[in-house]
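This briefing takes up a cavity and its lining, then a helix, and then aromatic pairs.

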Amino acid sequence: MSRCWLTGASSGLGTALALQLLEQGHRVALGGRQLGPLRQLATEYPQQVLLTPGDIAQPDEVRAMVETIEQAWGALDLAILNAGTCEYLEPGHFDTALVERVMRTNLLGLSQCLEAVLPLLQRGQRPHLVVTGSSVDWLALPRAAAYGASKAAVRYLVESLRIDLIRAGIDVTLVSPGFVDTPLTRRNDFPMPQRWSAERAAEHIVGRLQRRPLEIAFPFPFITILRLLGALPGRWRLKLGQHLARDQKD
């Protein structure tokens, strides 16, 4: 079974992914900011879990996490870079500090993980890099400027990096979920159509990893609608966005 590093494993989709991987017998280095949930998984799967707690937004902590993996295993076969955050801008109040916080985790934190983990993947068996993005980058939505911009950047980063990693023999998969029931999405104050449980989403993702697709996007009806709406002329998309903004306000 593979040696895997999973970030964002202490809650939500990350915890569900960890359980799926551990149930399949993989060895998993669990990364996350909350040590308690990681320790609980280590207690349940003592022979498979390696604890690598830390905050991906902190370069020193990322390096320490990967050094722990290198000392224990020497290489990685699978890296699932799942950690991320979400904050929404309020209409009429642009908050640079908020944008910076979101970008620091979703883009710069991801980049720090990539820099640290790629040398270990290059030593692995049939290495596979998996990055969690979002379906939000297909259609601009009200208040989502910071989060959507970070995930649009993640998509471009992953798709460009995939080209560069072909020679290294590293397969790259982008995960683009719709709404998943997590502590982050439970704070949302707007409707979330076709929301999946974290367990269902994790089962769907892990079930498709063996095929190493370029992208795992779900749920299909929601993703299809987003793509179609995102292909509309710009003025139509603007009208749609204004309509959605009014619905959120009401």
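**Cavity, helix and aromatic pairs**

In this predicted model, the residues that line the largest cavity divide into 7 nonpolar, 4 polar and 1 charged. The cavity itself has a volume of about 60 Å³, and the count of cavities of 30 Å³ or more comes to 1.

**Lining of the cavity**

- The lining of the largest cavity is made up of Thr7, Ile56, Leu81, Asn82, Ala83, Asn106, Leu110, Cys113, Val131, Thr132, Lys151 and Val154.
- Two or more residues of this lining are given by each of the elements α4, β5 (128–132) and α5 (145–165).
- Helix α4 supplies the largest share of the lining, with 3 residues.

**Helix α4**

- Spanning residues 96–122, helix α4 has 27 residues and reaches 37 Å from its first C-alpha to its last, which is close to the 39 Å expected at 1.5 Å a residue.
- At Arg104 the helix α4 bends by about 40°.
- The N-terminal end of α4 is capped by Asp95, a side-chain oxygen of which lies 3.1 Å from the backbone nitrogen of Ala97.

**Aromatic pairs**

- The structure holds 2 aromatic pairs.
- In the pair formed by Phe179 and Phe222, the ring centres are 5.6 Å apart and the planes are at 50°, so the pair is tilted.
- This pair links distant parts of the chain, 43 residues apart, with Phe179 in the loop between β6 (171–177) and β7 (180–181) and Phe222 in helix α7 (residues 220–230).

Terms used. Residues are numbered from 1 along each chain as its sequence is written. This is a predicted model: local features need pLDDT of at least 70, side-chain atom pairs count only at pLDDT 80 or more; totals for chains, interfaces and linings use all residues. Side-chain values use heavy atoms; hydrogens and water are left out. Helices (H or I, at least four residues) and strands (E, at least two) are DSSP runs, numbered from the N terminus. The expected span of a helix is 1.5 Å times one less than its number of residues. The bend at a residue is the angle between axes fitted to the seven residues ending there and the seven starting there. A polar contact is a pair of N or O atoms within 3.5 Å; within protein, one must be able to donate a hydrogen and the other to accept it, and residues adjacent in sequence count only if both atoms are side-chain atoms. On a 1 Å grid over the protein atoms alone, a cavity is a set of points where a 1.4 Å probe fits but cannot get out, and a pocket is an open set with protein on both sides within 12 Å along at least five of seven lines; lining residues have an atom within 4 Å of a point. Grid points are joined across faces, edges and corners, and a volume is the space filled by probe spheres set on the points. Ala, Val, Leu, Ile, Met, Phe, Trp, Tyr, Cys and Pro count as nonpolar, Asp, Glu, Lys and Arg as charged, and the others, Gly among them, as polar. Rings of Phe, Tyr and Trp (its six-membered ring) pair if their centres lie within 6.5 Å; planes under 30 degrees apart count as stacked, over 60 as edge-to-face and the rest as tilted.
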